[in-house]
There are 2 protein chains.
Amino acid sequence: MACNSDAINIDAGQALFHEGDPNPYVYNVVEGAVKLYRLLPDGRRQITGFLFQGDFLGLGGRGVANFTAEALTPLQTCRFKRNNFDQLLNALPALEHRLVALAGDELMAAQEQIVLLGRKTAKERLASFLVRLSERQRQLGGPEHQVHLPMTRLDIADYLGLTIETVSRVMTQLKTSGLIRLLPGNDIALVNAEALKALGNGEA
Amino acid sequence: MACNSDAINIDAGQALFHEGDPNPYVYNVVEGAVKLYRLLPDGRRQITGFLFQGDFLGLGGRGVANFTAEALTPLQTCRFKRNNFDQLLNALPALEHRLVALAGDELMAAQEQIVLLGRKTAKERLASFLVRLSERQRQLGGPEHQVHLPMTRLDIADYLGLTIETVSRVMTQLKTSGLIRLLPGNDIALVNAEALKALGNGEA
DNA sequence: CGGCCAATTGAGAATTGTCAAGATAAGTGG
DNA sequence: CCACTTATCTTGACAATTCTCAATTGGCCG
């Protein structure tokens with residue numbers, strides 16, 4: 001069977017698609033990072049997720065995108081027409097099983113984020129965020145106890161339900177208390193990863 | 001093929017299973033309402049969802065429950081062993097398709113909740129909540145422009161990332177501004193459903 | 001070197017939380 | 001059926017975390 005996929009590459013800051021667009025595609029991130037967000041009518045923004053290498057995009061929904069997907073870095077993706085994708089699934093039940101499992105993981109991640117947004121303090125949110133990101137990056141072959149932030153403070157704020165000022169202040173607090181160090185190039189060293197993890201889990 | 005399902009009925013306040021329990025079952029709610037929640041080590045609670053007639057429970061996860069499921073009312077469920085359920089899916093690809101779609105819906109709902117928790121005010125959260133609940137109940141055959149709340153104020157607070165006092169105060173505000181009326185028996189009349197909907201969507 | 005965008009820091013305001021007291025409703029037993 | 005008991009809900013006064021507005025600093029690129 002032909003793959004029927006296109007390579008779609010865009011620059012940092014460009015959108016793959018916008019909230020409300022008809023979007024009959026499924027994407028797979030080959031290289032780079034993506035942010036997903038929704039806007040309220042008055043401009044308030046909530047980032048619902050960051051995607052990295054290997055992540056799928058556009059599986060849910062009914063042909064209309066319910067969020068905007070924007071590249072944080074130069075981005076390479078592999079795009080499938082949804083129809084082809086569905087046919088692929090029909091032909092390969094094993095793939096569909098994997099997708100069901102993937103959807104389950106996404107749901108677990110969403111629940112995690114709901115707990116974070118509903119019940120964690122600003123400091124706990126940032127700690128959770130840094131730990132999760134570092135785990136994801138290590139899984140992709142990155143260094144241990146170090147995170148690279150491809151997103152701005154504003155993006156982090158809109159992901160954690162905070163303001164940019166609060167994110168900045170809490171970063172400083174974490175630095176001052178010796179849990180992290182701010183490195184040049186938007187990198188962060190997790191000086192005390194254990195404590196950071198405990199903090200993020202609400203183990204006061 | 002035999003159905004291999006058991007009827008599991010429990011009282012209000014009883015748990016179907018607890019966070020961390022090995023949980024090799026999938027449940028379908030036949031009658032009643034359920035709350036799902038996670039606890040932080042110090043007791044902070046986040047309710048991640050309310051389930052009603054027809055909802056599935058326990059699809060995600062890897063055999064270990066990542067939330068507690070507790071009955072809000074006397075509850076009737078239909079329980080499947082996960083293995084049997086998986087076999088059922090293998091035998092009926094159409095069912096698996098439906099489940100993938102269902103998982104997509106759940107993910108959309110989770111995103112909606114993330115936006116609510118991350119960026120909406122207390123008043124907007126409560127408005128969203130009431131509107132969503134009324135839509136769900138109407139879909140199950142309930143009356144239009146009226147909601148029954150099977151959960152306590154504390155449950156609502158823990159679902160919306162607020163405190164019980166804030167929920168109570170905002171209820172009063174909504175009542176005072178003529179958007180709702182509080183009826184006996186934990187019922188609420190949506191006097192101005194349109195305005196409530198707009199408020200919930202952040203259309204200030 | 002200059003300009004620009006992002007990040008940090010400060011001061012004060014606001015929404016929401018905390019603590020406490022009553023009021024209402026619901027459940028129980030006589 | 002009523003009185004009592006208890007849990008839930010409401011309301012108030014005050015505190016605290018986070019937000020808003022503003023200015024400054026820092027880093028990156030032409």
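Student: How are helix 3 of chain B and helix 5 of chain B oriented to each other?

Tutor: Two packed helices are described by the angle between their axes and by the distance between those axes. In this predicted model, the axes of helix 3 (residues 122–139) of chain B and helix 5 (residues 164–176) of chain B come within 10 Å and cross at roughly 75 degrees. Angles of 65 to 115 degrees count as roughly perpendicular, and these two helices of chain B are therefore roughly perpendicular to each other.

Student: Which residues in helix 3 of chain B and helix 5 of chain B meet?

Tutor: From helix 3 of chain B come Ala122(B), Lys123(B) and Leu126(B), and they meet Thr166(B), Val167(B), Val170(B), Met171(B), Gln173(B) and Leu174(B) in helix 5 of chain B. Sorted by class, this contact has six nonpolar, two polar and one charged residues.

Student: Which residues come nearest to DNA strand D?

Tutor: Among the 18 residues around DNA strand D, the nearest are Thr166(A), Thr152(B), Arg153(B), Ser168(B) and Thr172(B). Two or more residues of that surface are given by each of helix 5 (164–176) of chain A, helix 4 (153–160) of chain B and helix 5 of chain B, and helix 5 of chain B gives the most, with six residues.

Student: How many residues does each chain bring to the contact between chain A and chain B?

Tutor: The contact takes 34 residues from chain B and 34 residues from chain A. On the side of chain B that touches chain A, helix 2 of chain B supplies the largest share, 17 residues, and the residues of that side divide into 15 nonpolar, 12 polar and seven charged.

Terms used: Residues are numbered from 1 along each chain as its sequence is written. Chains are lettered from A and ligands numbered from 1 in the order in which they are written. This is a predicted model: local features need pLDDT of at least 70, side-chain atom pairs count only at pLDDT 80 or more; totals for chains, interfaces and linings use all residues. Axes are lines fitted to C-alpha atoms, for helices over the stretch in contact, and angles run from 0 to 180 degrees between N-to-C directions. Helices (H or I, at least four residues) and strands (E, at least two) are DSSP runs, numbered from the N terminus. Angles under 35 degrees count as roughly parallel, over 145 as roughly antiparallel, 65 to 115 as roughly perpendicular and the rest as oblique. Two residues are in contact if their C-beta atoms, placed from the backbone, lie within 7 Å. Ala, Val, Leu, Ile, Met, Phe, Trp, Tyr, Cys and Pro count as nonpolar, Asp, Glu, Lys and Arg as charged, and the others, Gly among them, as polar. A residue is near a molecule or strand if its C-beta atom, placed from the backbone, lies within 6 Å of it.
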